[in-house]
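Biologist: I have the model open beside me and would like to go through some side chains with you. Shall we start with the charges and rings?

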Amino acid sequence: MVSYFLANTFSSAAGRFSRAGVAVLLTLVCLGISTPLFAADSDELHASVDRTQIHQNETVELTIIGQLELELNFSNLFNLRNMELPAPDLGTLENDFEIIDQQQKYNIQSINGTHNATITWVYTLSPKSAGALTIPSIKHADKASQPIGIKVLKGKASPDDGRPPLVFMEAEVDKQEAYVQEQIIYTLRLYYADNLVSGDLSNPELDDAIIEQVGDQKKYYRMRYNQRYEVIERKFLIFPQKSGELAIAPQTFSGTIIDSRLRKRKHIRDSSDAINVNVRPPASEFTGQVWLPAISLNLTEKWDKPLENVSVGDSFTRTISIQTLGLLGSALPPLNISDNHGFKQYPDQPETESLEHQAGVESSRTESIAMVAVKAGKVTLPEIKIPWWDTVNQVERVAVIPARELTIASGNGAPPVSEEQSYSEPAETSPVAPEASPSESGSNNAATADKAVDESGNGALYVIIALLISGWAITTVILLKRKNTVRVEQEVSSPIMANSSSEEAAFEKLSGSIRQKSPDMLGDLVQWAKIKWPEATINSVADVERLLDDETLSALISKAESAFYSPATPDTPSSNWDNDALLKCLNEIRKKDRGPSEQVLPNFYP
């Protein structure tokens with residue numbers, strides 16, 4: 001009798017024969033050994049487990065052994081996997097257990113021309129609940145196994161039995177109680193002792209909270225149960241959006257590890273503990289309109305230019321930032337910056353940013369506003385304040401940028417005037433007696449002096465009266481000379497006003513600046529308006545807009561200013577305003593030739 005023995009192992013994914021096995025099978029074929037396929041005689045299907053008592057986080061291995069007689073020929077010699085070998089009927093096994101891995105093993109024997117195959121199925125099972133569970137009878141062909149009882153204990157296995165776990169998980173939060181929208185740091189750790197081949201680690205999911213992972217997962221080593229474990233750590237920020245109990249479900253891990261003790265691949269599974277956090281509503285003593293629970297919050301501002309010497313027409317950028325710990329950038333509110341009559345403001349799009357920090361998350365919101373001074377005088381920038389809730393000390397705090405007063409000088413170097421003085425009509429004279437002429441004043445003063453002499457008899461009053469009359473006369477002469485001098489200086493310094501061709505030249509220069517979309521257009525506009533209407537007080541573009549009182553013109557100028565001064569598009573002003581429409585509007589105004597009697601306000605000062 002000739003005997004041959006061949007054994008090989010196939011997994012659920014792949015399997016192949018060893019070279020020695022192939023050689024033996026080739027020998028069999030050469031010898032012409034071939035028999036039909038039929039079921040081997042056996043009284044019972046064998047089924048067993050590696051243990052009958054486990055915890056909920058552990059797995060159990062179910063092994064089923066069946067036998068078949070095989071027909072080996074040249075067509076199936078090299079590919080046993082394609083042979084239609086019947087799989088066992090598991091019955092109701094999946095009602096109580098989850099199959100997380102399965103493998104198949106083949107053991108082939110050839111005795112006196114008969115080829116017997118012993119097939120072993122190995123199933124890794126995870127219990128779905130605690131208690132007394134049963135692996136039902138397994139059937140294969142006409143054979144069946146006996147049921148097997150499994151006792152599943154609640155919770156996790158204790159390492160006190162001297163067998164440290166191959167894999168285990170930890171989950172923790174930095175606080176057990178928090179306010180709505182307050183930051184909660186959730187840390188998840190996976191410990192494994194041997195070579196981890198593959199695995200899947202779940203992440204927390206909540207319906208009534210915002211969850212953000214902080215940075216990438218970290219890897220490091222830590223000692224537990226007197227042995228070294230490799231650790232995978234993930235951190236998440238949870239911001240609850242609803243008061244009440246926040247239930248964070250257990251996170252699970254399922255993977256494959258190489259067990260160094262048994263020297264084989266093993267499928268493992270574990271889960272973390274569930275965590276509950278009490279979420280409180282916003283504090284009743286908070287007075288702000290937007291609830292902002294944070295570890296810290298600060299307000300800062302900076303200017304791109306010094307503010308000591310600001311004149312009409314000057315432009316600068318104000319940047320205001322909110323920096324906070326413990327809040328996402330998307331949760332920071334917009335700044336409420338009110339309009340100011342001394343400036344034209346062109347806000348840029350706000351920028352928000354959130355970065356990883358040791359305390360969780362560090363966020364910021366930055367708003368930039370381009371500002372152009374349009375009115376001379378004293379201007380007050382109002383304070384900006386943001387109430388927030390200090391989660392460390394449980395108290396309300398207020399971040400403040402104090403109010404700031406600026407003095408804006410006139411564009412031509414004249415002393416600044418108040419806003420009311422700049423744009424109000426001259427005050428009407430009160431109904432008092434008309435001012436007396438110099439001769440009449442002298443007579444009245446002399447009569448008063450005579451009366452005083454008669455009453456007091458004091459001759460010194462004559463000297464006082466004489467000094468008063470002399471001073472009045474000198475003052476009158478000086479004022480008259482000054483008025484004539486100012487008129488002559490204006491004629492000398494601005495000869496262009498008397499020349500109509502100069503107005504045409506100024507408008508031509510303005511037209512060229514508009515066509516080229518040059519920022520010099522604003523200054524050329526002011527200069528042309530001064531020549532066109534010399535009787536008016538014009539020191540800025542705002543004075544021109546007020547003088548002409550044209551809504552279309554004001555809108556076009558505003559778009560041009562926004563293009564020149566807004567930080568959003570400093571290099572591409574041509575894409576933000578219509579120069580052709582502005583030039584057409586100015587031409588129409590020029591053709592109407594509005595005179596000072598129609599639109600120009602009288603000067604407040606002579």
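Biologist: Which ring does the charged end of R228 sit over?

Modeller: Bearing in mind that this is a predicted model, the charged end of R228 sits over the ring of Y221, at 4.0 Å from its centre. There is also R280, which lies over the face of Y179 at 4.2 Å from the ring centre.

Biologist: And how many aromatic pairs does the structure hold?

Modeller: It holds 14 aromatic pairs. One of them is the stacked pair of F168 and Y191, with 4.4 Å from centre to centre and 5° between the planes. Because F168 lies in strand β12 and Y191 in strand β14, this pair ties together parts that are 23 residues apart in sequence.

Biologist: Changing topic, is Q183 buried or exposed?

Modeller: Q183 is buried, with a relative accessible area of 4%, and it is found in the loop between β13 and β14.

Biologist: What does its side chain reach, then?

Modeller: The side chain of Q183 reaches the backbone nitrogen of V361 at 3.3 Å, while a polar atom of that side chain lies 2.7 Å from the backbone oxygen of A359. Beyond its neighbours within four places in sequence, the contacts of Q183 include K175, F239, I295 and G360.

Methods
Residues are numbered from 1 along each chain as its sequence is written. This is a predicted model: local features need pLDDT of at least 70, side-chain atom pairs count only at pLDDT 80 or more; totals for chains, interfaces and linings use all residues. Side-chain values use heavy atoms; hydrogens and water are left out. Helices (H or I, at least four residues) and strands (E, at least two) are DSSP runs, numbered from the N terminus. Buried means under 20% relative accessible area, exposed over 50%, partly exposed in between (1.4 Å probe, protein chains only). A polar contact is a pair of N or O atoms within 3.5 Å; within protein, one must be able to donate a hydrogen and the other to accept it, and residues adjacent in sequence count only if both atoms are side-chain atoms. Contact means heavy atoms within 4.5 Å. Rings of Phe, Tyr and Trp (its six-membered ring) pair if their centres lie within 6.5 Å; planes under 30 degrees apart count as stacked, over 60 as edge-to-face and the rest as tilted. A charge sits over a ring if NZ of Lys or CZ of Arg is within 6 Å of the ring centre and within 35 degrees of the ring normal.
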